[in-house]
Structures are given as structure tokens and as C-alpha cells.
Amino acid sequence: MTASAMLGTMSGVLAGHVVGNYDGGIVPVNLFIQQIGATGSGKSRSHDAVVRPVHELQERTIRSVSRRRDVEIRPRILQLEAKLAQAKRKLADDPEAFEIAQHTAHLERRLENERSKDLTRQFRFIVDDATPQAREAALADALRNAIFVVTADGRPHLEAMISSKGKPGEAERNVWLRGYSGDPLHAIRVTKHLNRRAERATISCLFGIQPDIAERFWQDRLLRMSGVLGRFLAFTVEGEQPGCWLSAGGAINEASASWKRHIGIWRHRTLANRSGAPLEISFTPGAMERLKAIRHPFEDAGVPKHSLRDLLAVRWRENAARMAVVLAALKEIGASMPEVTENDVEAACRIVFRAHLDTYEIIHLDDRTPDEAERDDLKLFLMGHDGPLHVVSRNASGLSVARLKGLAEKYPEVFEIVPERTGLRGQPKKVIRLCGQEPTLPSRDERETIQK
């Protein structure tokens with residue numbers, strides 16, 4: 001549990017400020033990490049031991065910036081207060097003077113603006129508030145629009161992404177997709193702090209979650225189709241073996257002074273370089289070739305297209321490349337930037353593979369494609385439905401007309417769409433039913449009425 005927390009925390013410290021250089025291309029280092037464990041498994045202790053030093057580092061930085069703010073801004077505030085007092089005295093002597101009134105209003109606005117300046121907001125990159133407003137406010141203000149969302153209870157964040165009938169679920173998924181890729185992100189909910197967009201939104205996350213929400217998250221069909229699932233790495237308590245993950249030079253004693261010193265040096269480097277281009281950690285030629293040569297266990301002809309194993313295998317190299325950069329940063333820091341070696345790549349691949357195997361085997365995931373899952377759901381619905389299901393936009397199944405027709409065309413051995421008279425008057429209407437299912441017949445009274 002501590003090893004995955006260290007990887008997620010290091011990713012959160014570096015994201016947006018450090019990138020990998022892979023054959024001239026840029027590799028972001030932000031990771032989406034889940035720690036799956038039941039109550040009492042140690043998620044909170046792991047977070048506290050590893051993440052607390054980063055909180056302390058952030059607070060020290062903010063205190064330092066606050067002192068500097070007082071030194072820089074306080075003289076300007078005093079000067080504006082003196083000018084405003086003088087302008088108000090002149091206005092009191094001549095209330096009808098339009099120019100003096102305008103000048104006084106201008107000074108009041110300038111003084112309010114100086115007093116409201118908070119230079120510390122850009123140094124707050126840790127978000128432990130579950131509300132989208134807090135996350136987006138931090139994202140808009142943070143340096144390089146990079147934030148680290150960390151909590152021992154990630155349920156509120158994940159539930160917001162799970163299938164929703166309204167737009168909020170879709171909006172949440174869009175935020176996380178853009179935050180993973182570093183795309184521009186407009187403010188979804190406008191507040192007084194959110195009047196601009198994040199040019200390169202970068203989100204790293206470290207969530208502790210319980211098995212029930214993990215199963216709901218990983219089995220959600222809309223999340224599969226949106227591409228969110230392939231960006232997350234889930235580690236379980238049962239499968240974690242921290243000692244075998246970190247490369248030989250990267251093992252750092254958990255919650256120790258060396259860990260605090262390590263992340264402190266990296267944070268100092270990134271802040272010192274905040275106005276320049278992101279720092280680069282290069283892949284060696286051998287590391288690039290090794291990453292291209294390794295194959296994922298799910299990359300074979302037997303994996304169904306769009307199944308969960310297929311979705312996990314699609315993005316594994318991207319996650320492994322990011323993980324390799326984080327592992328390289330975990331090594332001892334010298335005067336020059338570290339490099340990603342073959343050992344780092346192999347260790348990163350083992351981590352990603354283990355996360356995918358944990359996800360697939362321990363959570364007992366449904367490996368059906370979205371179409372197969374909808375086919376089975378509709379089949380069960382029709383078996384228990386009382387009466388015919390009309391192929392209209394508002395039907396009891398919740399599926400659209402196009403989706404009903406699509407399932408009937410794709411699975412003609414299961415469904416058929418036929419015209420059927422369901423009332424006493426009017427033309428027959430199209431209904432969808434299971435193949436071989438008896439049509440709905442009118443009652444005896446209805447037949448007698450039709451005959452008359």
C-alpha cells in the first residue's frame with residue numbers, strides 16, 4: 001500500500017513541472033492511482049505517512065510567500081490608503097467635483113484589488129476537498145494548472161463519474177479525461193475564482209477506495225466507452241508487494257527523513273523553474289527499445305474487442321512510460337537530471353501489469369463488451385416485461401429507438417422487431433420481442449369488440 005502511495009505522491013509533486021523525453025516526444029508524468037482495500041486495511045495510515053510531508057512542504061512554501069507578499073504589497077496598500085484619504089477630504093470639501101469623485105472611485109477599486117490579491121493560491125496544488133468547485137478553483141489558480149487530488153476516501157470523486165442520467169456525470173468524465181492528457185479546460189462551474197480556463201489542465205490523483213465502489217466503477221459501461229478506465233491504475237492490498245516494484249536505486253525508506261528530503265528537493269527545483277519550460281527526464285535509447293519490445297499479457301487474439309482486458313491493454317504503454325519517469329525521479333538526485341533506464345522501464349511494466357491483473361482477477365470484473373452487456377440486459381428485461389415493448393423514443397427499457405434497432409440487427413437470433421396490433425383501433429405498431437416469443441393477443445372482450 002505504501003509503495004503505490006509513494007508512486008502517486010511523486011507523480012503529484014512532479015506533474016506539470018517535469019516531463020519525460022521519449023524520442024523527442026513529451027511524456028507527462030501525472031498518474032491516476034487507486035488503492036483498493038476494505039476498512040482497516042491501512043489506506044489512511046499509508047496516506048498519512050507518505051502524503052503528510054507534501055502537505056507540510058506546501059504549507060511552508062505558502063508561509064514563505066505570505067511573508068514576501070507582506071513585504072511587497074503592504075507598502076503599496078499604505079500608499080493607496082493615504083491617497084484615498086486625501087481624495088476623500090477633497091471630495092468632502094467639494095461634493096460636486098465630478099473629476100475628484102471619479103478619481104476617488106478609481107482609488108477605491110485599486111485598493112480593493114491590492115487587498116484581495118492572494119499570491120499563495122498558485123502554490124496550493126494539493127486538493128483533498130471532494131467538491132468539483134474546490135478542484136476546479138485550484139486547477140485554475142495552481143502553477144502550470146497542475147493539481148494533485150489525494151484522499152483516503154475517493155468514493156465521492158468516483159461516484160461523480162459513474163453513469164448518470166443527467167449531464168453532471170458526463171461533465172466529470174470530461175474533466176478527468178482532459179486532466180490526464182493536459183488539454184485546455186474551460187470552467188464548468190463559474191465562481192468568483194473561475195473566470196478563465198486552464199490552458200494545460202494537469203490532474204494527478206491518489207484515491208483510497210473500498211471494493212464495492214471499485215467494482216461499480218470498473219464495471220460501468222459509460223466509463224468503458226468514454227476511455228476513462230484505461231487511464232486508472234488500481235492496486236489491491238492482497239496483490240501489493242512493494243519491495244519488487246522500485247528499481248534498485250529507487251527504494252526510499254517510507255515516511256523517513258530521506259523521503260521528505262527527496263520530495264523537498266524536487267519541489268524546490270520545480271518552483272525555481274516555474275517560469276521556464278518543464279524540466280525533462282530523458283529515456284535512454286535502450287529504455288525506448290525495451291518499452292517497444294515488451295508485450296502486455298492481454299495483447300493476444302483471444303481478447304474480445306472493447307472488452308475490459310482490451311481497454312486496459314490499449315493504454316498500457318502510455319501508463320508504463322509515465323511510471324518509468326516517476327521511478328527515475330525516485331532515484332538519488334544528483335547535480336544533473338536522472339535518466340530513464342531499461343531497469344526503470346521493466347519495473348514500470350511490472351507495476352502496470354500487476355495493477356491490470358489485480359483489477360481483472362481480484363475485483364471479478366465483467367468481461368463482456370458494452371453491446372453484449374446491453375443485449376443481456378434487454379433480454380432479461382423482455383423476459384420479465386408485462387406486455388409488448390414498443391419501439392418508440394420513450395419506452396420502459398430506457399434505450400433509444402436507434403439502440404433497440406441496432407441490437408435487433410446485431411443479434412437477430414435473440415431479438416426481432418415485428419408489427420403487432422396492441423389495441424382495438426389504429427394501425428399495428430412496431431414492437432421488439434425475443435425470437436420465438438408468442439405475440440401479445442387481445443383479450444376475449446377485445447376480440448368480440450373487433451369482430452363487431
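**Entry 1: strand β7**

I began with strand β7 (residues 232–236), where 5 of the 5 residues are buried, so the strand is largely enclosed by the rest of the structure. Buried means under 20% relative accessible area, exposed means over 50%, and partly exposed lies in between, with a 1.4 Å probe and protein chains only. Strands are DSSP runs of E with at least two residues, helices are runs of H or I with at least four, and both are numbered from the N terminus.

I note that this is a predicted model, in which local features need pLDDT of at least 70 and side-chain atom pairs count only at pLDDT 80 or more, while totals for chains, interfaces and linings use all residues. Residues are numbered from 1 along each chain as its sequence is written, and side-chain values use heavy atoms, leaving out hydrogens and water.

I then looked up the two faces of β7. In a regular strand the side chains alternate between the two faces of the sheet. On one side of β7 I found F232, A234 and T236, and on the other L233 and F235, all of them buried. I also recorded that β7 pairs with strand β3 (residues 32–36) in the parallel sense over 5 bridges; strands pair if DSSP finds at least two bridges between them. The bridge partner of Q35 in β7 is F235.

**Entry 2: helices α1 and α12**

I looked up how helix α1 (residues 2–14) packs against helix α12 (residues 316–329): the angle is about 90 degrees and the axes are 10 Å apart. The axes are lines fitted to C-alpha atoms over the stretch in contact, and angles run from 0 to 180 degrees between N-to-C directions. The two helices, α1 and α12, are therefore roughly perpendicular, a term that covers 65 to 115 degrees.

The contact (heavy atoms within 4.5 Å) involves L7, M10, S11 and L14 of α1 and M323, V326, L327 and A329 of α12.

**Entry 3: the loop between α4 and β5**

Most residues other than glycine have a negative phi. R144, not a glycine, has a positive phi of about 55 degrees, and N145, in the loop between α4 and β5, has a positive phi of about 50 degrees. R144 counts as partly exposed at 24% relative accessibility, whereas N145 counts as buried at 12%.

**Entry 4: helix α15**

In helix α15 (residues 401–410) I found L404, L407 and A408 buried. The buried residues of α15 fall within an arc of 100 degrees seen down the axis, so they line one face of the helix; the arc is that of the directions from the helix axis to the C-beta atoms. The face turned away from the buried side of α15 carries the exposed residues A402 and E409.

Conventions. Parallel < 35°, antiparallel > 145°, perpendicular 65-115°, else oblique.
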